[in-house]
Amino acid sequence: MSAPALNATMPARLSYPRDRPSAFARLTQNRMASFGLLLLSLIVVVVVAAPILPLAPPHVANVAQRLRPPLTPGHFLGTDQVGRDILSRLIWGTRLSLAVGVFAALIASLIGSAIGLLAAFRGGWIDTLLMRGIDMLMAFPYLLLALAIVAALGPGLVNAMIAITIVNVPFFARGVRGAALSIVRTDFMAAARLSGLSDARIVFWELLPNVMPGIVIGLSTTIGWMILETAGLSFLGLGAQPPQADLGGMLGEGRNLLQVAPHVATIPGLVILLLAIGINLIGDGLRDVLDPKLKSGGLARTHARTDAVSLEERSKGLPLPGAAARLPLAIRGLRTHFRIGRAIYAAVDGVDMAIAPGESVGIVGESGSGKTVTALSILGLVATPPGRIVGGEILHYGEELASATLSRLQEIRGRRIAYVFQDPQSTLNPLIRIGEQIAESIRRHQGKSAAEAMRLAVALLESVHIPDPEHKANAYPHELSGGQRQRVGIAIALANDPELIIADEPTTALDVTTQAQVLKLLNELRRERGAALLFISHDFGVIAAVCDRVHVMYGGRVVESGPVAEVLERPRHPYTQRLLACVPELGRRGRQVTPIPGLPPSTDALPPGCAFAPRCHRAAPRCSIGEITLDAVESDHYARCIRVNDA
Amino acid sequence: MPGLIFRRLLMVVPVLLGVSVIVFLVISLIPGDPARAILGTFATPENIADVTRQLGLDQPLPIQYVVWVSHLLHGDLGRSYILHKPVMDEIMARLFPTLLLAGAALVMASAGGILLGIVAAVRQNEWPDKLITISVLIGISTPSFWLGMLLILWFGVRLAWLPVGGMSEMFGGGGIGDIARHLLLPATTLAAVAGAVLVRLTRGAMLEVLRQDYVRTARAKGLTESRVIFVHAFRNALVGIIPVIGLQAGFVLGGAVYVETVFQWPGIGRMLVSAISTRDILLVQGGVLIVAAAYVLINLLTDLAQSLIDPRIRAS
Ligand code: SF4
């Protein structure tokens with residue numbers, strides 16, 4: 001959702017990760033998780049070895065030796081109020097806490113998963129009944145419910161464990177039901193049922209393996225909680241009863257000695273902390289590994305602008321700018337790359353284009369051709385990471401934008417150059433009234449008062465033909481139709497009378513009638529106000545209706561460019577010819593549409609020579625050797641093909 | 001909006017009913033004669049007969065429940081035979097300190113958690129983010145009863161800056177300043193864990209929202225990055241954060257049991273712990289019920305707050 005252009009550029013690559021290492025291997029690659037694993041293994045080894053370690057007996061009092069500080073000979077961590085060795089009690093106590101926590105978590109996950117699977121698989125009233133019950137339990141503050149259960153059963157370690165187990169069951173039940181439900185509803189499940197597989201077989205062989213990762217993640221989180229909570233109950237005197245002590249019990253006993261002998265209470269707490277840290281680190285690591293949504297790097301913060309390498313480096317080898325200083329936009333040799341893991345995707349790889357004042361220029365191409373990334377690169381709106389401008393210049397009246405300061409760039413954004421985005425459903429802020437979404441841009445750039453800006457916003461809504469604009473300015477985006485939202489998008493772009501409007505597939509999400517209206521409106525308004533237009537579309541018909549010039553993009557490069565009428569009538573590049581064959585002739589119906597065979601190239605593995613060669617019906621061996629340049633075929637018409645002049 | 005409040009209030013009724021059923025059932029699970037359990041050491045034959053008649057304990061469970069609820073609706077939760085007073089009186093005396101403690105903790109946790117979460121998201125992978133991430137890990141792994149003791153040890157005993165307990169009378173004449181000084185350490189203790197959870201959540205929510213198309217639109221308008229982050233991104237992130245604040249209210253109300261014990265705070269949590277050890281069953285029942293009801297109401301408030309900022313929820 002975040003960067004449609006990005007997603008479109010590389011579906012092929014991301015869905016087939018090569019030689020994926022096992023989950024465990026990936027877990028150990030995670031530095032934090034390995035640390036947790038190490039910490040926990042250390043603790044586990046020590047507590048498992050407790051019976052064979054040369055420890056003092058944990059329950060034998062020796063009042064003569066009471067409250068010795070740590071590092072006393074014979075008592076490494078000192079002694080408690082009745083002279084018992086703290087180290088020994090600590091190790092035995094950790095053993096108890098860990099065992100109780102793990103056992104309780106396993107039982108809770110077992111019962112919870114069973115309830116969740118049953119509810120999801122049976123559905124109907126069983127589901128409703130079970131889930132209402134679960135909801136009720138979850139309406140309690142977690143620990144209070146445990147307290148009530150302990151109150152009923154009486155204090156004691158086993159009862160505390162039962163209480164902690166019960167209050168954790170809802171957590172698993174709900175999670176497993178959710179995961180299982182999404183599988184139960186698939187066609188695949190329906191097929192399994194129809195084919196007469198027994199319920200038990202379906203549940204245990206089909207359902208369970210699919211919800212297992214969720215259960216494992218849940219377990220890894222809850223074991224930590226459960227150790228903390230059981231320790232808490234023991235701390236309150238409601239869990240382990242003396243002389244037996246788990247970590248919480250030791251803390252509770254030490255509480256009254258806090259001022260005299262702080263080590264008695266602080267040391268067990270430290271062990272609980274280490275135990276919980278170890279478990280939580282492993283849990284986080286597991287979640288990263290098992291939950292694809294959270295895969296590292298999947299949630300990188302997008303920066304205020306696209307990263308760019310230094311202008312000096314980018315402009316190496318470019319010809320002199322020429323007339324660029326008088327143009328609202330001149331792009332020279334633009335290269336924008338995405339770095340995903342170790343792969344680099346050259347989404348835009350050497351694009352030149354110029355737009356004169358008031359001119360309307362189109363970019364046409366399939367998804368993944370780099371047209372949207374080109375448009376977004378202009379004002380640094382390509383998401384970084386992973387995007388980066390690695391080459392070329394973006395000149396706005398001679399001012400290089402990729403190296404302008406952020407505050408200068410922000411002055412140009414929305415004021416001199418404005419965008420109309422694709423899919424107004426996701427490009428308007430759902431929580432802000434539309435009038436304000438227009439007015440804030442006016443306030444930002446024209447320094448108008450709030451009231452004046454709102455008045456102008458209403459006027460803009462009127463000029464994009466929103467009915468009852470005064471009233472609609474107070475509406476939220478979800479209260480508008482798709483066409484109206486797109487008009488709001490246009491109003492935002494027009495808010496500060498920019499010199500250039502960049503419209504990225506502004507009509508793609510709309511139905512045909514609305515499409516035509518919005519197009520007409522956009523064109524009229526920008527002519528009225530004398531703004532230039534950069535119009536991006538996959539649809540040649542739309543481009544022909546709006547633009548003076550067109551650039552055809554393929555594989556991150558311009559493969560043909562020229563006046564629209566000229567290119568339409570005499571397309572010279574085989575790709576353009578194919579693209580035009582796909583367009584039903586304007587106004588005429590029933591013409592056969594021949595799709596272009598093959599898929600657009602993945603831009604991390606562009607073939608040498610012509611990127612279109614694998615799909616080109618005219619391809620010759622020499623097409624795949626060396627660089628092919630964009631050459632003039634007429635006075636103002638260019639094509640990137642070595643066979644343009646072959647018969 | 002009034003209609004919405006009314007609908008939400010209606011939805012709360014079945015939840016409260018369910019909560020009361022569970023509280024009632026848990027206590028009626030006690031093995032043996034319930035009247036004897038309620039009376040504990042005061043169980044003379046006359047007393048047992050009295051209690052049995054009053055609470056309808058010789059009747060079947062559903063009738064017992066109806067009797068219990070009808071008493072409840074008259075503000076009668078029975079009598080504590082250990083404290084020699086009505087359960088309701090004892091709870092009412094202790095409700096305010098608990099709500100004050102939990103409320104202060106929740107406010108601290110939300111404010112701190114959200115703020116640090118935003119900082120971590122905005123400075124992702126830089127040192128502030130790393131520092132915050134490590135603190136969060138420690139925060140969610142720390143037992144609050146231990147943290148409370150450390151704070152007592154350090155600020156109360158070593159530095160002697162703040163009182164470490166002894167808040168026996170809420171309105172004992174010390175005034176607001178006195179209450180605040182007594183509140184600071186326990187509220188901080190209680191806020192630490194809940195705050196850590198909220199930092200993590202806020203960081204994730206902000207990162208997610210900052211990738212949305214409308215944030216790109218906001219940037220394309222030339223808005224400053226602080227306006228993009230705080231007005232456009234944060235408001236949307238908040239929609240997901242508020243319900244979790246409601247959940248944290250549950251953790252805070254539960255965790256209050258530990259913190260009240262450590263700091264000797266005169267609230268319901270400490271009352272519950274001693275009531276469990278003295279087997280004062282009706283007091284436990286009443287205390288759990290009232291706190292659970294408070295939790296349900298807090299969640300009602302967060303629900304309403306969420307629909308205040310999200311027009312899409314208001315509409316549905
Ligand atoms: S260069 Fe060769 S492969 Fe490429 S379009 Fe021209 S003919 Fe086709």
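Reader: Which residue in the turn of the hairpin formed by β2(A) and β3(A) has a positive phi?
Author: This is a predicted model in which local features need pLDDT of at least 70, side-chain atom pairs count only at pLDDT 80 or more, and totals for chains, interfaces and linings use all residues, with residues numbered from 1 along each chain as its sequence is written. Strands here are DSSP E runs of at least two residues and helices are H or I runs of at least four, both numbered from the N terminus. The hairpin of β2(A) and β3(A) has 2 residues between its strands, and the turn residue with a positive phi, of about 60°, is Gly341(A).

Reader: How many bridges join strand β2 of chain A to β3(A)?
Author: Two strands pair if DSSP finds at least two bridges between them. Within this pairing, Leu329(A) stands opposite Ile355(A) in β3(A). Strand β2 (residues 329–340) of chain A pairs with β3(A) in the antiparallel sense, and the number of bridges is 9.

Reader: Is strand β4 of chain A largely enclosed or open, and how many of its residues are buried?
Author: A residue is buried at under 20% relative accessible area, exposed at over 50% and partly exposed in between, computed with a 1.4 Å probe on protein chains only. Both faces of β4(A) are covered, with Ser360(A), Gly362(A) and Val364(A) buried on one side and Val361(A) and Ile363(A) buried on the other. Strand β4 (residues 360–364) is therefore largely enclosed by the rest of the structure, its buried residues numbering 5 of the 5.

Reader: Which residue of β10(A) stands opposite Val364(A)?
Author: On β9 (residues 532–537) of chain A, β4(A) pairs in the parallel sense over 5 bridges, and there the bridge partner of Val361(A) is Leu534(A). To β10 (residues 549–554) of chain A, β4(A) is joined by 4 bridges, also running parallel. In β10(A), the residue opposite Val364(A) is Val552(A).

Reader: Which residue forms a salt bridge with Glu400(A)?
Author: A salt bridge is a side-chain nitrogen of Lys or Arg within 4 Å of a carboxyl oxygen of Asp or Glu. The N to O distance in the bridge of Glu400(A) with Arg314(A) is 3.0 Å, and the pair links strand β6 (residues 399–400) with helix α13 (residues 311–314) of chain A, 86 residues apart.

Reader: How many residues apart in sequence are the parts tied together by Arg416(A) and Glu499(A)?
Author: The side chains of Arg416(A) and Glu499(A) meet in a salt bridge at 2.8 Å, N to O. Arg416(A) lies in the loop between α15 (406–412) and β7 (417–420) of chain A, and Glu499(A) in the loop between α20 (482–494) and β8 (500–504), so the separation of the parts is 83 residues.

Reader: What relative accessibility does Arg219(B) have?
Author: Arg219(B) meets Glu225(B) in a salt bridge of 2.8 Å, N to O. Glu225(B) counts as buried at 14% relative accessibility, and Arg219(B) also counts as buried, at 5%.

Reader: How many salt bridges are counted over all chains?
Author: Salt bridges that share partners join Glu436(A), Glu440(A), Arg443(A), Lys221(B) and Arg227(B) into one network. Over all chains, the count of salt bridges comes to 33.

Key:
Chains lettered and ligands numbered in written order. Heavy atoms only, no water.
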